[in-house]
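Work through the exercises below with the sequence and the coordinates open. Each task is followed by a solution in steps.

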Amino acid sequence: MNALAPSSPDNARRSPAEIALIAAAYAIVGLMLVLPPVLVFTEALRSGLGAALASITDPDALSAIKLTLEMTVAAVAINTSFGVLAAWLLAKYRFPGRSVLVALIEIPISVSPVVAGLVWLLLFGTQGWWGEALNRVGITIAFATPGILLATLFVTFPFVTRTLLPLMEQQGRDAEEAATLLGASFWRILWGVTLPEARWALLSGGLLTTARAMGEFGAVSVVSGHIPGLTETMPLHIETLYNGYQSVAAFSMAALLAIMAMATVGMRSLFEARMRREEPRKAETAGGGA
Amino acid sequence: MTSSSPLTLTRRTLFGAAAACAALAAIGRGRKASAAQALLNVSYDPTRELYADINRAFAAQWASTHGGSALAVRTSNGGSGAQARSVLEGSPADVVTLGLAYDVDMLAAHGLLATNWQTRLPHNSTPFTSTIVFLTRKGNPKGIHGWADLVRDGVQVVTPNPKTSGGARWNYLAAWGWALRQPGGTEDTARAYLKSLFAHVPVLDAGARGATNSFVQRGLGDVLLAWEDEALLAARDLGPDKFDIVVPDLTILAEPPVALVDKNVDAHGTREAAQAYLEFLYTPEAQKIGAKHYFRPVDPTAAAESASIFPAVKTFDIASLGGWTAVQKKHFASSGVFDQIYSK
C-alpha cells in the first residue's frame with residue numbers, strides 16, 4: 001500500500017504497478033460512469049438537435065418536466081426545514097432515544113424505494129388504511145400529486161440531516177449558549193448563529209436532495225399510476241417513451257434529466273470545495289482566540 | 001438553556017407541519033378538480049399506439065357532436081395485472097381496457113364495477129380480438145414452425161411472466177390448449193410440455209412490451225411468444241428486415257375486454273363521456289384504426305376489409321379451457337400449475 005501513497009507526486013518515479021492501477025481506475029470510471037451519459041446524449045441527438053428539442057416540448061413531456069420541478073422544489077423546501085430542525089435537535093441536545101432517532105432517519109437510505117412507495121399505497125390506496133376515508137372527504141393522495149410528493153419526501157428525507165449533523169456536532173453549542181445569554185430569540189440564534197456556520201453543508205445537503213428528488217423512479221412509480229400528462233415525472237415519462245418505441249424522445253428526456261442532475265452535482269462539488277477552504281481558516285481564528 | 005429554545009421549537013415545528021399538511025391536501029383537491037375535465041383509460045401494455053390514435057379520433061368526434069367542447073382522453077399503459085391493481089388501489093380510471101377478463105372480474109369483485117360488466121357491451125365487451133403467434137429472427141434460422149419446435153435443444157423462448165402479464169397468460173394458455181389437443185394429449189402431457197417450454201425461457205419480463213423489447217431491442221432469444229398485434233408491429237413496422245412471423249397450426253383466441261369503472265365515473269361525473277368512448281370503439285372508424293394497429297376488428301365489415309392484414313389462424317377460446325375464473329385458480333394462483341412447472 002505504501003507505494004500507492006500520494007507521497008510521490010513525481011510521475012517519473014511511479015512504479016509500473018502504480019501506473020497500471022491508475023489506468024485501471026480511469027478505465028473503470030470511464031466505462032461505468034462516463035460512457036452511459038455519453039451514450040444517452042448520442043442516442044438523443046441521433047435524429048438531430050431539432051428532433052430532440054421537439055420531443056421535449058411535447059405537452060406530455062412539458063407536463064413531466066413541470067411536475068418534476070414542482071416535486072423537487074417542494075421536497076427540498078420541506079426536507080430542508082425538517083432536516084435543519086432535526087440536525088439541530090440531534091447535534092445540540094442529549095436525550096434518551098437520541099441514537100435511535102439518528103438510526104431511524106437513515107431508514108430511507110437502506111429501504112428499497114419500491115417498498116417506500118408500497119407503504120404509501122398501504123396507507124393511502126383505496127384498499128389501504130386511510131385511503132377510502134380521505135377519498136370520501138375529497139382528498140386524493142395515491143395516484144395523484146400528493147402521493148408522488150410523499151414518495152419523493154421519503155427517499156430524500158435523510159440527506160440534509162446527514163450532511164448537517166457532523167458539522168453541527170463538531171461546532172458544539174458554545175456560540176448558541178453565548179447568544180442565548182445575550183438575549184437572542186430562538187429564530188435569531190438559528191438564522192444568526194447556527195445556519196451561517198453550516199451554510200455550505202446546508203447547501204450541499206439541499207443539492208443532494210435536489211438530485212435524488214429529480215431522479216427518483218421506484219417509489220414514485222408505485223404511487224403514480226403512470227398517467228402521461230398528469231402524474232408522470234421525468235424518469236417515469238422516459239420509461240413510457242422507451243416502451244412506446246420512441247427512442248429519440250426517451251433519450252432526449254434522459255439527456256435533459258442528466259444535464260439537470262449534473263448541474264446539481266457540479267454545484268455541490270463547488271460548494272464542498274468552498275466549505276473545505278473555509279474550514280482551516282475558521283480553525284486558525286479559533287486557535288488565535290484561545 | 002432558557003425557555004426560548006426547546007418549547008418554541010416544538011410549537012413552531014407543529015405549526016409548520018400543520019401548514020405543510022394543509023398545503024398537501026390543497027394540492028390533492030386542486031388536481032382532482034382538473035382531472036374531471038378528461039377521461040382516463042387504464043390499459044394494458046401493447047395498446048399504446050392504438051389508443052393514442054383512437055383518443056385523437058374520439059376527441060374529434062366528441063367535439064363535433066358536443067358543440068366543439070374539448071374532451072381529452074389520457075391512456076396509462078402497463079402490464080394488465082399491474083394496471084388492474086393500481087385501479088383497485090385508487091388510480092382514477094374512467095374506463096379500463098385490459099388484457100384479459102379476469103383482471104376486470106377482480107375489479108368487479110371489489111365493487112368498482114357491476115359484476116355483469118361483460119354483458120354491457122357487444123361481443124363480450126371485446127371490440128378487438130387478437131391471438132398468440134411467434135416472432136422469429138429473419139429467415140427463421142432455428143426452423144420454428146409450431147409449438148413442438150419451441151422445446152427443441154438450443155431454442156430460447158422469450159415470454160413475460162404469467163403472474164404479472166396478461167399477454168403471458170394468453171401465451172401460456174395457448175401452449176396448454178395446444179398440448180391438450182395433441183393426439184394422446186392429457187393434462188399430464190400438457191404439464192410436461194409446459195415444463196419443458198419454460199425451461200427454454202431465459203428471462204421472464206413483467207409485461208408484454210418488456211418482453212418485446214428484450215427480443216427486439218436487446219436481441220435476446222430465438223423466438224418471442226407474443227400478441228399478434230405486438231408481433232405484426234415488430235415485424236412490419238420496427239424491423240421488416242429483421243423478423244419473421246410464424247403462425248402455429250393451433251392457437252388461442254385472445255379477447256382483451258373493455259369496461260366502464262362505475263365507481264369512478266360516478267365520482268368524476270364522466271359516465272356519459274366514458275360510455276360514449278367505449279361505444280366509439282365499435283364504430284367503423286375505430287375498428288379501422290384497430291386493424292391499422294394490427295388488432296382484429298369484431299365488426300364483420302371492418303374484418304372483411306382488413307382480412308389481408310391478418311394471417312389465417314385456427315383458434316380455440318378461453319371458454320373451452322373452463323373460463324377465466326377456473327383457469328386463474330388452477331394455473332396462476334399461488335402453487336398452481338405454473339408454480340409447479342416453473343419451480344421444479
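Helices (H or I, at least four residues) and strands (E, at least two) are DSSP runs, numbered from the N terminus. The model is predicted: local features need pLDDT of at least 70, side-chain atom pairs count only at pLDDT 80 or more, and totals for chains, interfaces and linings use all residues. Residues are numbered from 1 along each chain as its sequence is written, while chains are lettered from A and ligands numbered from 1 in the order in which they are written.

**Exercise 1.** Locate B:L260 and decide whether B:L260 counts as buried or exposed.

Step 1. B:L260 belongs to strand 9 (residues 258-260) of chain B.

Step 2. A residue is buried if 20 or more other C-beta atoms lie within 10 Å of its own, exposed if 12 or fewer, and partly exposed in between, with C-beta atoms placed from the backbone. B:L260 counts as buried because it has 24 C-beta neighbours inside 10 Å.

Step 3. Two residues are in contact if their C-beta atoms, placed from the backbone, lie within 7 Å. Not counting residues up to four places away in sequence, B:L260 touches B:V95, B:L113, B:V265, B:A274, B:Q275 and B:L278.

**Exercise 2.** Which residues of the largest nonpolar core touch the most other members, and where does this core lie?

Step 1. A nonpolar core is a set of buried Ala, Val, Leu, Ile, Met, Phe, Trp, Tyr and Cys residues joined through C-beta atoms within 7 Å. The largest one has 89 residues, of which B:V95, B:V96, B:L135, B:A175, B:A259 and B:V261 touch the most other members.

Step 2. Helix 6 (residues 166-180) of chain B gives the most to this core, namely 9 residues.

Step 3. Domain bounds come from an automatic or database domain assignment. Domain 1 (36-126 + 256-305) and domain 2 (129-254 + 314-343) of chain B both contribute residues, so the core lies between them.

Step 4. For B:A259, leaving aside neighbours within four places in sequence, the contacts are B:V95, B:V96, B:V104, B:L113, B:W117 and B:S125.

**Exercise 3.** Which residues of helix 6 of chain A are buried, and what do they pack against?

Step 1. Helix 6 of chain A covers residues 113-124. Its buried residues are A:A116, A:G117, A:W120, A:L121 and A:F124.

Step 2. Seen down the axis of helix 6 of chain A, these residues fall within an arc of 140° (the arc of the directions from the helix axis to the C-beta atoms), so they line one face of the helix.

Step 3. They pack against helix 5 (107-110), helix 7 (131-136), helix 8 (145-156) and helix 13 (218-224) of chain A, together with helix 3 (80-89) of chain B.

Conventions: The expected span of a helix is 1.5 Å times one less than its number of residues.
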